[in-house]
Amino acid sequence: MESNKRKRDENDIGNANAKEKKVEGITKQQIRKLEKDCINDKKNLNNIVEIFTILKSSSDDEIIHTTIVSLKKIFSHYLPSILTFDEKSNDKKKMVNQWLKDNYANFISYLLTLFENDEPAIQIITLKTLFEFIKHETTFFSLQKGFLVINNKIFIPTVKAILLCQNLNKTFYDALLEQIDSYDDLRYYFLKAVETVVNNSANVKKAKKNDEKSDEEAYNVSVNTLYSLISEIQNMPMDDSQIETFFILNPAELKGDSEEKVKHPLLTVKGHNQVFGDAWLAFLRLPLTVPIYKRVLLIINKRIIPFMTNPVRLIDFLTDAYNEGGAISLLALNGLFTLMNEHNLDYPEFFTKLYALFDNDLMHIKYRSRFFRLVDLFFTSSHMPAYIVAAFIKKMARLALYSPPSGVVIVIPLIYSLMKRHPSCMVMIHREGNLKTDKFDMNEKDPLKSGAMESSLWELNALRKHYFGDLASLGDIFTSDFKKEPYDLEDFLDQTYSTFVESELNKKVKKSPATAIMKSNITPSIFTDYCSLWGFPDYEAEAAAAKAAATAQKE
Amino acid sequence: MVNQKKSNVSALKRLKTRLKSSGIIGENVSSKKKGFDKKELRKKTKEKLENLKKETNPFEIKFTKQKHDIMGRKIKGIQGKPGQARSKAEKTRKNTLLVEYEKRNKNSSFVDRRFGENDPTLSLEDKMMERFIREKQRKSNHGDFNLEDEQLTHFGQALGDHLGDDIVHSDDESDNGQIDQFTVHQDHFGGFDEEEEKSGEKKSKSEIMKELIAKSKYYKYERQKEKEENEEIKNEVDAELEDIKKLVNQSLTEKNEEEKEKLKIKRSKTDDQYNSFLKAVASDRRARPTDRLKSEEELAIEAKEKLERAERDRQRRMNGIDSDEEEENDSKNRPAQADDLDDGLDYNYDEEESMPLTYKDGKLINQDIGFSRKRKAKDDDDEEISDDDDENDDDDDDAEDEEDEGEEETDNDDILNEDDDKNENEDDNESGDDELEVIKKTNKQSLEQDENVKKEIEKRRKERHEQAKNELGYVFSIPESHSKFLELIKDKSIQDQMTIIKRIRILYNVKIHPQNKDKLTYFFGIILQHLNYLTNKSEVSFDEINRYTRCILSFAFQFIEYFNDYAKNKLIQIEKKITKKLSVNGKEIINLNDLIFLQLITVIYSTSDYSHPIITPALLIMENYLSQAIINNERDIVRGLYLCNIMYMTQKQSKRYIPEAMNFIMKTLLIIVPESYISKNTKADMLNSNILVNNTKYSLTGKDWENVELKALNLSLIMSNNTSKKEYIKYCKSNELRISIIGLCIELLEKYSRLYMDIGCLKEIFSGVEKLVSDLEKMPVSDKLKESINKFKSNINSYIAGEGIKRRSLQWQKRKPVAIASIVPKFEENYSVDKHYDKNRERAEYNKLKAQVQKEKKGALRELRKDNMFLARKRLQEIREKDREYKEKIKGIYGMLGNEQGEQNKYDRERKKRKN
């Protein structure tokens, strides 16, 4: 209470008005002063309360920031005494430590709510403060016990608080990822925490139809937040020796009383991969939005599968996605293929399902080029039966009829390559004699029964008359000898209208553009010969009449 | 062998035998030739000797030894006579080079051109004889065409007699177009009546000439005299004109008749005929060279001047002054003169009287007549000017601008008719009264009429002023900016706007001034800007757009380079806009302005090209838009269909396949037609499921649509930029629009199906369409639409069936069987191992020529070298000669001096002796 007085005295000297507006008019310097006093002298411990009230009541971001920093310093200072607090000690000390501990717990719980604050700076300082406390506590307990024990009492609520938060932005993510991704231990415990948090969350439970009623309150994990965090984890260790940066301390330095030779899981890649995989699987169990679904499928091949101990566990997810249809199927194909190719996954009726993917949407979706890249890969096998290839060829050609030039430009070289690899498909473009009927059935799901071999690729007729001359001439390769090397599909995959237009416009024009021929000396109307239902009057006739009238007058 | 035999005998003996064998020596020579002349004999022997000399001495022949002698091969240059060749060369050099060398310091040379001097075959006597003959001939003969001695005749008469007659008569033309008898007699063909002269003695030419001159002078004098007399008479008549006025006519006719009679008597019948023919010929217009076709430049300038003149008139009329048609007429009729008024603005023709006034008793009597006359003249002129304008129009190719001259004309006519009426009244008044009264009355009337007339003039002036104000200007300068252009065409009808543009184009015709090209292109830019303005206006008028696009078309063909750049930039602009807006799902991605522009370029450029620097990217841009085809409102549908139509127009000739257009049309149909009418099967069959949009916002709603008639789209309403208008909103939501859209889709599909009739996979392309159309058929719609759907369906079915019959399996790998490679070696006729052999004839010839050239060059060089050597030798000889002469001379001098000295010494010695 003395300090209060003193402080008031000082205030009197400094600013008389500050008396009334104790909280609002407070400045950073004053907070720092309070903090210093508190740290220097145990008698001033009440300053904690004062700063805490300032923190709670202030709306000024800077003040909040300063108070958090101050409190962090104070608690860090007194943390050993808080942690060593023993109920059996003498009364006076016990009272003070008890009071300190309560305040500490209050502060932490208040900090957890501060993630909701909109200001990233505050979110970040909150995060840092919490991590600081976690570090201190864990270090303390670990040293005490001789092996690494993460303080989950603070860590899990922190992760939970973050994951529940909806209003986090990129700055915060970056700050968090900087912490998590650069420290191996933090990353490990974070992923572990994610798994527990997600598995306990309401949306997962609902999906599981869990009848157990948890005593915890139901909560929903923010899918976006979680996705943006775990998808950005990039520094997963590849080798045990790479695990060397620790935020808290290196568990190997601790010589625990249990003298087992088993390495701490934190120190092994396997352990990391385990938690990584668990976290992802937990995440994938969440009900995902379509864009996130697609994004996950896009990165699954490069960012997830390599770091999982057992990627086959993704099969459920991928199969579901593959059966989804449309764009998602196409994307799942990539992951599925990796699993089949590298992890010995057996997928029955793969080509039938692939054939089903050649649906009416195929040519119009964004991921078309990804898909065809894979298709090209699938068809490199020369052991495929020709009639299956023929079915694919015929279907592609049919789909190309209604596809944009960027689709046609993929299909034509692909068909060429396929025919080159499977010469028995050549009957589709060259058949001695004539077919009585076209046996191809567009709607047949099974490529074996499609009857493509008993058909001709008349579709190419239309493609060879495509309005875009480059495509039309590309279609002419089928009439030449099949002596060219199969095309590298990569050159054709990522074309769009814009690239076509750009290349057309940038073409060096040698001759000036040819103009139309005027049939009569009357300048024609641009509306001539348009559909009658546009309701244009016959401008041509009008003009002709006018001309006739003019000549008549002249005569 | 002969040589070998001979070689054993001595040279002297051989000479003897040869002389003998040639018959120069021996016994039989003299006896045989006894009868001949000695000279002849000598000559012959000389010849024989010469020939003998020519026969070569075997010692002079040189042989080159051959290593491999091949039988039957002829090689040049084995045998040579170097000595003979050298002496021959020396001789020719002496004759040519030496001569030149000796002449080197001489400027002139003497050429002996005497007859036979250079002919060695002639003997001296022959030469002399010939020369003598020639000299004689030269003296006796004056040339083949000596006119002095021989007389030229025509029909046996000497020609020279008539020479110079023309000169005499040329200066005095016959007065009244009649040719006097003398001339006829003398000059005209068929004349030559010279019996008198013939009968008398033949006169010399000079005499004839003199006579002629005298005669002509006489006639001239006669005529002058007559003229003077006439003058006198005329003066007399003038003096007492009043008295004989009545008699004038009579006397004149009498006189004429008398004269004619006289002439008649004089003339013989043949003359008459001849003269009449001649007259006819003379009066016949000679085929004059027609005016050459005017060059484009001249035409352009003419058109420009015409407009400028019209503008001057207009200005004048606007100021209330009469137009200067009179001036125009004048200037038309007479050639330009130095003092022609350039602008004619200061000159007021109103105040000028074109008709002489008649005065009586010092008072003007025919003032009104004068005015009426004048008015009539004006009347004509007005008509004329309108004619002119019409001509203007016709001159220009564009037919659109029939100005409202017609109206003007009628206005004028009205006024003029009134005038005429008045005049008639006045005339009536006049004619009805006696002369005296007339005079009295006119005194009063004239004052009144004066007033009237003045008022009338004022009125007309005002009217004209109004008229001119409303009338379009003729001369415009190119507006500096689009806003200026807007000012210019403000309140003008579209017709007038076109006229303005056309007039500007005439005034700034490129042919007139090279700078006009820049100006006109600038103006073109403004017009393009104006099109943008028109299409972005809240109220869109397609009539206006049509007019302006036409105008742009003709501009574009003129300044195609400018338009190329413009089109390219605009395309880039549109492309940027589309990609930007598509990426953010923006609204109003493409607007009417872009549509019209795209439409324009499809008309301007050749759309059937396989690849076209403008059309191809334009197509891609259109397809890009269509493939995304974000439909935010009804307008987007209409725009999309409009694009489909534009694309159809581009492929009308080349018939290429445009998938996106099909996609869009189908999509539209699926959107508009209520879902309940489309079977699931149809939807499943759509090759592009993107077009299946679950959006019922645009489908036909309510029940009344079954009765809505198919009508043409109200395009200007749906394209209007004023979307907040009630009318627009109502129309957008109406079923009428939707029915029209369905109709349009069907029409477009019909067009496209016809386009793709021969594409080879019509069935595949139209499989979805076919099903959709059979669904549509079940829709209860108004008869007209139903009819078109039915028609389309039957058409498409027949097309597909037709294709099914025609279609064969593809046979693209069919190749001609490749022939088995032949292993027979290729033989060549006339092959030779000769190194000069070349199969390629041309090359062989070329090489041959080359070798020849080289050979000749070498030869020439050798010759030149020898020439130089020869000359050097000559020079050395000369120098030696000179030295020798000099030496001799010096020697002589020394000798002389020695002698002298000897004499002196002798003398000295003598003296010494004497002294001693």
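Predicted model: local features only at pLDDT ≥ 70, side-chain atom pairs only at ≥ 80, totals over all residues.
Let me start with residues 371-393 of chain A, where the chain is 70% helix and 0% strand, with the end C-alpha atoms 15 Å apart; helices here are DSSP runs of H or I of at least four residues, strands are runs of E of at least two, and both are numbered from the N terminus. Over residues 399-419 of chain A the chain is 81% helix and 0% strand, and there the end C-alpha atoms are 18 Å apart. Both stretches carry the UniProt annotation "transmembrane region", from an unreviewed entry, and such annotations, given in the numbering used here with feature names shortened, may be inferred rather than shown by experiment.

Residues are numbered from 1 along each chain as its sequence is written, and chains are lettered from A and ligands numbered from 1 in the order in which they are written.

On confidence, pLDDT is the predictor's confidence in each residue, from 0 to 100, and chain A averages 77, with 86% of the residues scoring at least 70. The value stays under 50 over residues 1-23 of chain A, for which the model has 13 contacts beyond four places in sequence, a contact being two residues whose C-beta atoms, placed from the backbone, lie within 7 Å. It also stays under 50 over residues 209-216 of chain A, with 3 such contacts.

Chain A as a whole has 24 helices and 0 strands, and buried residues make up 36% of its 555 residues. By buried I mean 20 or more other C-beta atoms within 10 Å of a residue's own, by exposed 12 or fewer, and by partly exposed anything in between, with C-beta atoms placed from the backbone.

Turning to where the chains meet, the contact takes 66 residues from chain A and 80 residues from chain B. Helices H18 (386-400), H20 (459-463), H23 (497-506) and H24 (539-554) of chain A each supply at least two residues of the side that touches chain B, and the largest share, 9 residues, comes from H24(A).

In chain B, which residues of helix H20 are buried? They are B:Leu520, B:Phe523, B:Phe524, B:Ile526, B:Leu528, B:His530, B:Leu531, B:Leu534 and B:Thr535, and they pack against helices H18 (482-488), H19 (494-507), H21 (542-558), H22 (560-583) and H23 (592-604) of chain B.

Helix H33 (residues 841-915) of chain B has 75 residues and reaches 108 Å from its first C-alpha to its last, close to the 111 Å expected at 1.5 Å a residue, where the expected span is 1.5 Å times one less than the number of residues. Of those 75 residues the number buried is 0, so H33(B) lies largely in the open.

Finally, two backbone details. B:Lys655 has a positive phi of about 55 degrees although it is not a glycine; its place is in the loop between helix H25 (634-650) and helix H26 (659-672) of chain B, and it is partly exposed, with 15 other C-beta atoms within 10 Å. B:Asn830, also not a glycine, has a positive phi of about 60 degrees; it is found in the loop between helix H32 (783-806) and H33 of chain B, and B:Asn830 is exposed, with 6 other C-beta atoms within 10 Å.
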